[in-house]
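This report describes a few local features of one structure, taken in turn. Please look at the sequence and the structure before reading on.

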Amino acid sequence: MASTSNTGELDINVRRTEISDATKIMQLFNSSTEKIFGRVNVVHLIEKSVLSITITDDQETMIGQASFYDYPNIQSHVVERWEDLIISNPKLAHCSPLNTLFLHHFVALEGYAKGVAKEIFKTFFNATPYVHYCLLSVKKGTAMGDSLNEIFSPTGFISKLEGSEYEILICHRHDHCPTLHIRPAKVEDHDDLVPIFNRQSEVLKETYGDYFLAELIEAQNENNKCIVVDVKGTAVGFMSLSKNVNIDILTSCFELSPFNGLRRPPEFSNAENDDGKQASETEEPTDTPAKTSSTITIGTDTSDVHFKSKLADVYDDDDGNQCTENLKYFLLQDIKGIDRASSAPVYQGTPSVICIQLYCIDEKYETRSLDFITAAFDFFPNVDYCVITVPHLVPEFPLLQHFTRVTPKPRSTFPQELYLFHHYGLINSMKVRNVKVEDVETISKLVQNTTGKDMLLRDINLYNMARRDPDGTDIKAYVAVCLNQPVGVAVIRKEENIEYIRSHYNIEDFIYYNHYMREEHGHLHHFVLNPIYSHFSKYFIQEILRLSKKNAIYYPIYPPYVQLNETKPHSLASCLANMVPIRARRQVQYVVDELKHNAPSNRILQQMDNYMLFHINKKLVMEPKITINARIIVVGASDVGVSFLEKLIFSPHMRFNNLKLISPNGIPGQLKPNSLRNQFLADSYCYTQQNYDQIALHSWVSVIKGEVKAINRKSKYVVVGNDTKVMYDHLILCTGCRYQYSCPTGVNVDENVVNNETTVPYRYFGPKYSNIFTLNDQFDCQAFLDWLEEQDFINRRDHVCIYGSTIDAYTTVQALLEYGIEGSRIILIHPPAASPINCFNNSIVEEVVLKGLKEAGITVHHDLILARWEIDESNETVVGASFTSDNKPVQISCSAFICFSKLGIDYSIFKAINDSCLVYDGRLVIDSSYRTNDPCIWAAGPMTKFARRYHAEAWTHANFNSKEVGLKLAETVLSILDPMLESEAPDAQPDIIPVYNHPKTFLTKLPGNYTYLHTGKPSLNISLDSMMVQPNYGHVLVTGSHTVDTQGYFRLHINQYRSVETVTCLSKNEIKVNNLLSLYGIHEKFLNNVLSRYKEGLVSDFYQYFNEPWATAIFHDRFHDFREEIKEILFNKQVEEESDETFELKIRKLLDEDFTFTKKELQQLGEDYIKSCKSSTEKRLLTYLSYNTYHLPMYAKPGIV
């Protein structure tokens, strides 16, 4: 958080403490610091704190810092039950783990301590709305100084521990951030409130005039109340409440089953619920986390969800005056005309809800907006729920952080978000304790609708019986208790695979691993909390960490095809929204047989099921997230679309509530892995099956299975299927280009028509036959495999035709051979080439592939154009095809026809784009910021092209790495959505297309059983021979060109700057793909002077060369970071101590004088490097190897030899 204030003559900024502040904090230590707080490790202190606050001036000079924990700094054994020590003191009787934190450290710049202390504690209480007390434990008689004496007051409590007497001092919230005084609104408050409304929005004044607020206050009655915040006689906040809520509409549009449809159950309708009954008895618990996935399947002719006609307004119009009615219409004017499900559930009981119609508060007091809700229920004592609807594009304000967001139904078109608060949420007596045997019955009711409840109850029983698993693993089970009844349950175990997690996931983005003991890592298996208490999720997590003496917790989500069982006892945790997703790390592929005892440990190399990892630690519990409710609709599950979604969901400080993906087959990677299925199409290696498993899009993204048929730009919705509307705020089009049905020319081959006499239609609109296939993704490939099984194709003598000359056509040939179909039954037909360059652009690879086709007995036809299909009318299937050629027609009989002849945009999305008047010029036209001519519609990928004003006709997204394109698209969208990012000013320079740096990759298996890998710099489709004759092409290093069958072909292209630009591999042996992809962009000097070694004849096999142990560090995922650190040394190190000239500046100066170096200049540069940079470079290298030694144990380090 950030704020400004004046302390003396200083302008200050208040923010959370970062680890990089440690050195500056230590500079503020004085003689009293150790006496009060003991000797501390500052990094450890910050890392393990619940909240740390730093104050700096406008020059980022450290002025003060404080760290707060959830237990006293006396001794370790009071961590779990510190409240038992102080319960006997009347002044501390109200302190509990929910409302109390402890000061563990405070320092301030001399002369500013008093002002700094006041500012820190004001910030502290603003950031922790449920905390009312801050305690400080010090040895008796310790002098604390005036700054802390003004903040803390003695309690008289003294405890003897370890032979010393400790006293507890207390700081109260009301001294720094008091509870707001709420009273009924009066007409006289109008003048105080209007400026607040006008600062936040002028719309109300422009719509209803100057006195709308006074009229609203005057219109109060039993069902409509207005309340204000009163600070010293001045109204600084306003809330209008009403009991007139049309809950039927809300029930039809939102998932309100966990809240009994906002009704009070019949058994409580006629009596007050004051007999000890709990929320868990009156409310149906839910197993739904804050964000889960839902899937809708939309057919082309029918739909499984039907909609009623227009909705009424969300508020009834029975009571209230004209002003109130107008205000209701203004707030919800777009609600009319919404579709809703006809199968809305029916709930029993009387409505028990009020709604917030209008709300505002001065920014100075908004952190205490929860006080409004307490007063609201005081004015309406017989209702259970308070709801508020908020437009999707309105940022989530502090009041909503205490509310529970209600998940919309999958096809709801309600234009606002619904939030609710149950009056039980005001209870501050929640406590977390260990599970007891008598809790089991209540827990069973609480989790009855939870996915994986059987495993949860099994773990609870194991805990109650033995406190451990049969294998001896400790189990810890906790319940959240409110009014003596469990309302939440959680089960954790020790994280036994922390070495694997550290080596496979980037957990060090969130923790300093070396400051954690192995026992401090926990594994969350179950977490269920009654949804009306969801705003206490963070507190529940915080208490679990404290009571279990853990400081970090991990939770995996396995892919849908993995069967959860007793070895993976996980239920769906309802706290995912509070945790952060952890990115997986790219792994080195080790040659274990060669490394032997120098290989990493089995804990790192072990094979485990893939999963997405979530994490939370103590310092993240209080870290707020920015909630984005904007409806972001992604059309197309292409690599671009997946990359875009991945970037959004892995933004740890943000939470996206309305991400939807529209795709005919849903999210890729959901099918159970099948090695044969994956061999039908070439792999771009943007996403592998493992990558899909490790990002678990199904946990974050709602999926709509269907095709977009129309786009309504005015009303901002797309039509999926025949009539299903999906509303959007930002529409992302990235369907990519897909293989289309091959379009016959329709000529009569009996007339001996030749190719140059035919015209191929642009698009096929005829009937679709069951044995004509287009393979575009794993779902298509699986459907084709299923068809082969159904037809028992392997035992028939029929032929299969593959029409096309793309790399996917060759890949499919090899896949059919591996399936078991004889080569003599496979016919590969090449249409006339649009370009003289084939899909490999390498004569050696092409020669080997043609040889493989011949050896397999595959018939290959060249330059044939499809004229017509031969149809068996009895079963509507293709039994053959006729083609024209350059001389005579060719007729081929076949029982399966696979189309690879044309890539294009599907007709349905093309028609939707065209009918909505988006600019289309052969492809969907975008600007350099990925925007179409509609500012709310973005597009990227091969379906797009840049506007002509960029003069880049030849360059499209098809030329670049699709994952990088999606990443940059996400960054552009985030610049609008993320308030933490500064919006870029309009560029004064001429528009240029974005720069992309990632290589474009192909990985596949080709006829002859060759594995083919090609990765290289994005480029235009230019012949390799033409590029190689260019004077600045660089160097080509080739091994195995004549021994492809045994050694394997390996081509390394090093550009004019001596960096690797292209890697091409063709081999029957295993290729270490991850390792070889890491070579791109690396200078040949890093590769052990590979260029000079090759020229000297020392390298005869690059496969063997890069499998040697010395190369392992280059393949490490953090090697790029190490290279950047080395660059930083060269940029910042001074050549001479007296001079400001850095090594980098000296090189630039010499280059400016002459583009080449003389021998003397090179010698001088070498001497300068040794003198200024060599030592620092060696230290960085040793640090890199030492810190990553769990991955790189094969390197000797100082002290070993």
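## Strand β10 and its partners

Strand β11 (residues 234-242) runs antiparallel to β10, and eight bridges join the two; strands are taken to pair if DSSP finds at least two bridges between them. Helices (H or I, at least four residues) and strands (E, at least two) are DSSP runs, numbered from the N terminus. Within this pairing Val 229 has Gly 237 of β11 as its bridge partner. The two strands β10 and β11 form a hairpin with two residues between them, and in the turn Lys 232 has a positive phi of about 55°.

Strand β10 (residues 224-231) also pairs with another strand: β9 (residues 181-184) is joined to β10 in the antiparallel sense over four bridges, and here the bridge partner of Pro 184 is Ile 227 in β10. Strand β10 is mostly covered, with six of its eight residues buried, where buried means under 20% relative accessible area (exposed is over 50%, partly exposed in between, with a 1.4 Å probe and protein chains only).

## Basis of the description

This is a predicted model, in which local features need pLDDT of at least 70 and side-chain atom pairs count only at pLDDT 80 or more, while totals for chains, interfaces and linings use all residues. Residues are numbered from 1 along each chain as its sequence is written, and side-chain values use heavy atoms, with hydrogens and water left out.

## A three-stranded sheet

Three strands, in the order β40-β41-β42, form an open sheet with antiparallel pairing. Because β40 (865-872) and β42 (890-893) stand at the edges with a single partner strand each, one side of each is left without a neighbour in the sheet. Neighbouring strands of this sheet are turned by 25° against each other on average, direction ignored.

Seven bridges link β40 to strand β41 (residues 877-884) in the antiparallel sense, and the bridge partner of Glu 870 in β41 is Gly 880.

## Packing of α34 and α37

Helix α34 (residues 1119-1132) packs against helix α37 (residues 1174-1187) at an angle of about 160°, with the axes 10 Å apart; axes are lines fitted to C-alpha atoms, for helices over the stretch in contact, and angles run from 0 to 180 degrees between N-to-C directions. Helix α34 is therefore roughly antiparallel to α37, a term for angles over 145 degrees.

The contact (heavy atoms within 4.5 Å) involves residues of α34 including Phe 1119, Phe 1122 and Ile 1126, and residues of α37 including Arg 1180, Leu 1181 and Tyr 1184.

Note on methods
Parallel < 35°, antiparallel > 145°, perpendicular 65-115°, else oblique.
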